[in-house]
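Colleague: I would like to learn how to read a model of this kind. Please take me through it one feature at a time.

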Amino acid sequence: YYIFSFVLAMDADMKNESLSSVQQLGVEMTVRYGKYLNLLKEHAENELCFVLMNCKKFLKQEQRTVVSSLCCLQEHYPGYDWFASSIFLIMSGDGEKTLTFLQQFSHLLVSAFLWLPRLHISMHLPITTVESGIHPVYFCSTHYIEMLLKAKLPLVFAAFHRSGFTPSQICLQWITQCFWNYMDWSEICHYIATCILLGPDYQIYMCISVFKHLQQDILKHTEA
């Protein structure tokens, strides 16, 4: 992996102008959630924009130039950076600490699995993979999730099969959003810490454990 460094120099008035409408909405949601958790103080929005703009600037150093009409293959990551926002909350809204952590975290292989924008049209991926528009998490982590689900929780796997909705779809949503809106904040922190300390395999085990926890509800809804 090419290791980039963050230069913490950006005019505060320029940050909001350079964020997409999706990113601005994400910033508002993150700040509202952070204040609800009593993790953020005033001016947190500017600090988070500072983090996101620096991330976008330096992740761009690792991007390929791809000519495609697909929205997911444009220059900037099409969604919101939930992982960087999670770290921002863990750091209690300290932008410099957040960027320092992300710089060090980018040295680890697990960053490819937890920090999805990290591999957006990345030069580290084969060009055929980049042009497909499919993130490696989808054909790595979620593929193994489906294999384990079939072996360990066959009733849940069968329920998904009958519904015509694959487990990998919901798991990709969970992983992309770092389980925001699905788990409590303390559980989100445990998920991130577990994957960093024990390896990206635990991203798979976490999803399987959630399906096991939800098994009775899934089967009840399938019957209905």
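**Reading the helices and rings**

Modeller: Start with helix α2, residues 21-36, whose 16 residues reach 23 Å from first C-alpha to last, close to the 22 Å expected at 1.5 Å a residue. Keep in mind that this is a predicted model.

Colleague: Which residues of α2 are buried?

Modeller: Gln23, Gly26, Val27, Thr30, Val31, Tyr33 and Gly34 are the buried residues of α2. Looking down the axis of α2, these buried residues fall within an arc of 165°, so they line one face of the helix. The general idea is that an α-helix has 3.6 residues a turn, so residues three or four places apart point the same way.

Colleague: Which residues are exposed on the other side of α2?

Modeller: Ser21, Arg32 and Tyr36 are exposed there. After α2 comes asparagine 38, with a positive phi near 60°.

Colleague: How many helices and strands does the protein chain have?

Modeller: The chain has 14 helices and 0 strands. Of its 224 residues, 44% are buried. Among contacts between residues at least 6 apart in sequence, 75% join residues at least 24 apart. The accessible surface is about 12000 Å², with 56% of it belonging to carbon and sulfur atoms.

Colleague: What caps the N-terminal end of α5?

Modeller: Aspartate 94 does, with a side-chain oxygen 3.2 Å from the backbone nitrogen of glutamate 96.

Colleague: How is a pair of aromatic rings described?

Modeller: By the distance of the centres and the angle of the planes. With centres within 6.5 Å as the cut-off for a pair, the count comes to 14 aromatic pairs. In one of these, the rings of phenylalanine 83 and tryptophan 115 have centres 6.3 Å apart and planes at 35°, so the pair is tilted. Phenylalanine 83 lies in helix α4 (residues 82-90) and tryptophan 115 in the loop between α6 and α7 (127-132), so the pair ties together parts 32 residues apart in sequence. Both phenylalanine 83 and tryptophan 115 are buried.

Colleague: Why does the pair of phenylalanine 101 and phenylalanine 105 count as stacked?

Modeller: The planes of these two rings are at 15°, with the centres 5.6 Å apart, so the pair is stacked; the cut-off for stacked is under 30 degrees. Phenylalanine 101 and phenylalanine 105 both lie in α5, 4 residues apart, about one turn of the helix. Phenylalanine 101 counts as partly exposed at 23% relative accessibility, whereas phenylalanine 105 is buried, with a relative accessible area of 2%.

Colleague: Which residues do ring pairs link into a cluster?

Modeller: Phe160, Trp174, Phe179, Tyr182, Tyr191 and Phe211 are linked in this way.

Technical notes:
Residues are numbered from 1 along each chain as its sequence is written. This is a predicted model: local features need pLDDT of at least 70, side-chain atom pairs count only at pLDDT 80 or more; totals for chains, interfaces and linings use all residues. Side-chain values use heavy atoms; hydrogens and water are left out. Helices (H or I, at least four residues) and strands (E, at least two) are DSSP runs, numbered from the N terminus. The expected span of a helix is 1.5 Å times one less than its number of residues. Buried means under 20% relative accessible area, exposed over 50%, partly exposed in between (1.4 Å probe, protein chains only). The arc is that of the directions from the helix axis to the C-beta atoms. Contact means heavy atoms within 4.5 Å. Accessible areas come from the Shrake-Rupley method with a 1.4 Å probe; for residues, only the protein chains shown count as cover. Rings of Phe, Tyr and Trp (its six-membered ring) pair if their centres lie within 6.5 Å; planes under 30 degrees apart count as stacked, over 60 as edge-to-face and the rest as tilted. A polar contact is a pair of N or O atoms within 3.5 Å; within protein, one must be able to donate a hydrogen and the other to accept it, and residues adjacent in sequence count only if both atoms are side-chain atoms.
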